[in-house]
Amino acid sequence: MGGTAPHPHRNRRGGTAVTDADQAREQIREDAVEAALDKLDLDTKARLLAGQDMWTLPEIPEIGLKSLVMSDGPIGVRGVRWTADDPSIALPSPTALAAAWDPELARRAGRLLAQEARRKGVHVLLAPTVNLHRSPLGGRHFECYSEDPYLTGAVGSGYVNGVQDGGVGTTVKHFVGNDAETERFTVDSVIAPRPLRELYLAPFEAIVEGARPWGIMTAYNRVNGTTMTEHQYLVNEVLRAEWGFDGCNVSDWMAARSTTGDILGGLDVAMPGPQTVYGPALAEAVRAGEVPESAVDAAVRNVLRLAARVGALEGVPAVVEELPAAIDGQALARELAARGFVLVRNENGTLPLDGTSGGTVALSGAAARDARILGGGSATVFPERLVSPLDGLSAALPEGALTFTVGADPSDELTPADKGFELRAICRDASGTVVGEGSLPTGQVQWIGDDLPAGATYANMASIEVTGTFLPRESGEHAFGTRGLGAFALAVDGERRWEGVQEMGNEADPFEAFFGAPSERTRLTLTEGVPVEVSLTYQVPDTSGLPMRAVMFSLLHLGPRRDADELIAEAVEAARAADTAVVVVATTERVESEGYDRTDLVLPGRQDDLVRAVAAVNPNTVVVVNAGSPVELPWREDVAAVLLAWFPGQEGGAALADVLLGDKEPGGRLPTTWPARFADAPVTEVVPTEGRLEYTEGLFIGYRGYEAQSVEPAFPFGHGLGYTDWSYESLEVTPDTARVRLTNTGTRPGREVVQIYLAPTADSVERPASWLAAFAGVEAGPGESVETEIALPARAFEIWDEEARGWQRIGGTYEVRASHSHGDTRLSATLDLA
Ligand code: BGC
């Protein structure tokens, strides 16, 4: 059997030269992979390519192969258990990481995640997500980096290099065209060759080149008519043959739908299991002559190579044998959050606040107390602690300097029972005998595969009771409800309040129990501080015929809704009396999450009214936006400062205090244009027509689109203010480099992201008016000058030529711009390119 050696032309791994010793070890791994493959029979090979459960592949002791364990990704490592019992460090959202414009910082994040993965026995992190911000409506916008392919590729390469520095694999996802969520399992993303190559494939290509990832995840959707898990052209020809990807191709969860289509389309692993289109069905297809065994061998080789790389093939040297230095996750989460905050407006130096001179702060907004620190869906992890803005500012400000009022609460939907609840789960058999008990940090039961409480099995578990006490934080009418499919009985304060069955809706999304709408079941009046008993009993449905077994349902709760005008009036009174008003506005999980797209960019509830009312009485109003993706800020010119905090991770509130009080400067620059109004966005439609989503805007997404239509955004791509000023002094360009000299003219040390854009002065081909070619971060103290030489990648001058199936360099005259943002060019030079 002839082995495919890893791509011969590659001579670097993650920007580091590969040494002779590295190459020798790579050869040892390749030889071991071939030797192991030779020992496997067809059935075992087919079995290895199918998930054995939600997160793992089977072990094969005869060849010393351990069970490969995978886990989401991307802002933390959840591990194989979907529960707060097994906490993880939660870093800021990928939008925030991209906003730092710093691949080295992304690399440090990656190293921390590798450390987390190792702690949890995970070999492969299901990340990063490098689909593009095509439309701000995309439900997973928060989970992707940017509207720009170059920035996405640079940050993604740093991230993958970091994770792999720690000896843990990644699956760069979702390959490709999964830029929105509506009908995500089936939608056909119709993308012309140039945007496909120049925009959507570009980050994947850059990461394959710059970080040599050990894995990729193929998406649910189709591209140009073919399902991505079966896409022979994009997977076998482009990803593997053209780019030299030698890693493992894992399907998105439940994306693999055809045994022969998938294996011939280059899909190595079908996840999750145990019921997949691989395993026995694959062996059968080979025996029936539908699939050559060599295709199975190629896939097994890729799995074994991955196993060898991460050290899961016994006796074979892993890529990383000496781990990088340990990282303090809490400290890094705090640092990253501040580095990602984007200060988009700061009138009269409102920020930083002077925390020591006795200034008072009136904080308002429900999210200031119950912060959204991460985005919903598979990216969810459960941090051990969570610092809200209220916690962070309370700790940082002198006693008595801070007040808090809710002001506006945008979440008018029930969410899993959390604050004030103490719950556990009791599993009983059909006769009512207890067979197992589990702890429950919230009202959400999410047991996937065999991750059940000790003693409970799918065979013996007839019902599950979520039971415990609830201590109300406020007096008034409390609502209780359920999420999930099946039969329930709900009791509160010792009284049966509801009994009924929730059937599957029309969506037929297998994750409906997870993302589905909450249902209110009862309301009753409770008193602050007076505990009540709660109990939700769930009849466990028969899931034996489903591809994966799981129990998913939730006890939901919503506290008393106070009169919205009264809440605003309270916040206004507090703001009137304070030196500074800080309003935290946010999206909710119902409007921004995996599983669905947004329909507009409006802040939910009365939050806009709250900001306007506070700003009317306090000229020093600072608005903190706690959202993973753009929202409309119609009052932005009426407030003193606006800080975009994204989903800031578990230490977000501490980082917010650092930045508001000036211990650190906000480091972020927008990775995506923020429109003034939703209608201004270049792409406002993400709902497919008859299953097809046409990318009719072609090359013109993000700033490329705004510029083509001459639309002024609220805040341009690349925009963001620090706490110092920079003067750009000189720019010298060659076809390969831009050399920029700049001086920190302010009074504080700072970091500036120097952005290099190319703008052809005349064009013979259709291209955007300008685009990001490269960038570099520089640091300098007050009065200091720095010089940076920024390499201009050859690709920046190229377009894709579909007929020639190759890249074509476009000569001519270019204006090369050294800019603070896409909308703020500081210097420019002319370059004549042959
Ligand atoms: C998501 C993937 C994720 C997988 C496993 C899918 O629904 O699209 O990004 O890795 O689930 O949780």
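This is a predicted model: local features need pLDDT of at least 70, side-chain atom pairs count only at pLDDT 80 or more; totals for chains, interfaces and linings use all residues.
Student: How many residues surround the ligand, and which are the closest?

Tutor: A residue is near a molecule if one of its heavy atoms lies within 4 Å of it. Here 13 residues surround the ligand, and the closest are Asp 72, Arg 140, His 174, Tyr 220 and Asp 252. The shell comprises 5 nonpolar, 2 polar and 6 charged residues; Ala, Val, Leu, Ile, Met, Phe, Trp, Tyr, Cys and Pro count as nonpolar, Asp, Glu, Lys and Arg as charged, and the others, Gly among them, as polar.

Student: Where does the side chain of Asp 72 stand relative to an oxygen atom of the ligand?

Tutor: A polar contact is a pair of N or O atoms within 3.5 Å. An N or O atom in the side chain of Asp 72 is 2.5 Å from an oxygen atom of the ligand. For His 174 the corresponding distance is 2.7 Å, and for a polar side-chain atom of Lys 173 it is 2.9 Å. The ligand taken alone exposes 310 Å², of which the protein buries 97%; accessible areas come from the Shrake-Rupley method with a 1.4 Å probe.

Student: Which peptide bond at Asp 72 is cis?

Tutor: The bond from Asp 72 to Gly 73 is cis, with omega near 0°. Gly 73 belongs to the loop between β3 (70-71) and α3 (94-99). Lys 173 and His 174 are also joined by a cis peptide bond, with omega about -5°, and His 174 is placed in strand β6 (residues 172-175). Helices (H or I, at least four residues) and strands (E, at least two) are DSSP runs, numbered from the N terminus.

Student: How is the packing of two helices described?

Tutor: Two packed helices are described by the angle between their axes and the distance between the axes. Axes are lines fitted to C-alpha atoms, for helices over the stretch in contact, and angles run from 0 to 180 degrees between N-to-C directions. Helix α12 (residues 329-340) and helix α18 (residues 652-660) pack at about 55°, with axes 8 Å apart. They are therefore oblique to each other; angles under 35 degrees count as roughly parallel, over 145 as roughly antiparallel, 65 to 115 as roughly perpendicular and the rest as oblique.

Student: Which other helix packs with α18?

Tutor: Helix α14 (residues 389-396) packs with α18 at an angle of about 50°, with their axes 7 Å apart. That makes α14 oblique to α18.

Methods: Residues are numbered from 1 along each chain as its sequence is written. Side-chain values use heavy atoms; hydrogens and water are left out. A polar contact is a pair of N or O atoms within 3.5 Å; within protein, one must be able to donate a hydrogen and the other to accept it, and residues adjacent in sequence count only if both atoms are side-chain atoms.
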